[in-house]
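Reader: Hi! Could you walk me through this fold, one question at a time?

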Amino acid sequence: MKNIFGLMITSVALFGCNSNPVVDPPVVNACPSTITISGSSNAYTTTSCTLKVGTPITIQANSGHPLSGSGAGRTISSAKSDQNVGFAQAGTFSFLCDFHSGSGMKGSITVVP
Ligand SMILES: [Cu+2]
């Protein structure tokens, strides 16, 4: 009888109460704070990542690598300086370098709620 009582207490301790608060899961493949231009090649250091609505991110641009992009409520046209981007809505923001997208200098940011 003692063993059965002990088992009941253990069961209640393990399964009887689930008071864990709901916590947002971490963003998988989260974007860095800045998407940089690789110094030695015509490429972005990040070409695919995920960002939450409202999280700021900077995408580098300059006269040698003009930035254009659209999606998730934002449009950028041939920007020649770093762009601080914050997305107010979910969606996919596709971006590219006007000069080098043909050789792969492009990417996308998945913006999630
Ligand atoms: Cu470029």
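Predicted model: local features only at pLDDT ≥ 70, side-chain atom pairs only at ≥ 80, totals over all residues.

Reader: In what order do the strands of the open sheet stand?

Author: Residues are numbered from 1 along each chain as its sequence is written. Strands (E, at least two residues) and helices (H or I, at least four) are DSSP runs numbered from the N terminus, and two strands pair if DSSP finds at least two bridges between them. The open sheet has 5 strands with mixed pairing, in the order 2-8-7-4-5.

Reader: Why is one side of strand 2 and of strand 5 left without a neighbour in the sheet?

Author: Look at the two ends of the order. Strand 2 (48–52) and strand 5 (74–79) each have a single partner strand, so one side of each is left without a neighbour, because both stand at the edges.

Reader: How many residues of strand 5 are buried?

Author: A residue is buried if 20 or more other C-beta atoms, placed from the backbone, lie within 10 Å of its own, exposed if 12 or fewer, and partly exposed in between. Strand 5 has 6 residues and is hardly covered. The count of buried residues there is 0.

Reader: Which residue in the turn between strand 4 and strand 5 has a positive phi?

Author: Strand 4 and strand 5 pair in the antiparallel sense over 4 bridges. They form a hairpin with 2 residues between them. Most residues other than glycine have a negative phi. The turn residue with a positive phi, about 50°, is alanine 72.

Reader: Is alanine 72 buried or exposed?

Author: We can count its neighbours. Within 10 Å there are 21 other C-beta atoms, so alanine 72 is buried.

Reader: And asparagine 29, is that one buried or exposed?

Author: Asparagine 29 sits in the loop between helix 1 (2–15) and strand 1 (34–35), and its phi is also positive, near 60°. It has 10 C-beta neighbours inside 10 Å, so asparagine 29 counts as exposed.

Reader: What is the bridge partner of glycine 69 in strand 5?

Author: Glycine 69 belongs to strand 4 and is buried, with 23 other C-beta atoms within 10 Å. Its contacts (C-beta atoms, placed from the backbone, within 7 Å), not counting residues up to four places away in sequence, are Phe93, Ser94, Phe95, Leu96 and Ile76. The bridge partner in strand 5 is isoleucine 76.

Definitions and conventions: Contact = placed C-beta atoms within 7 Å.
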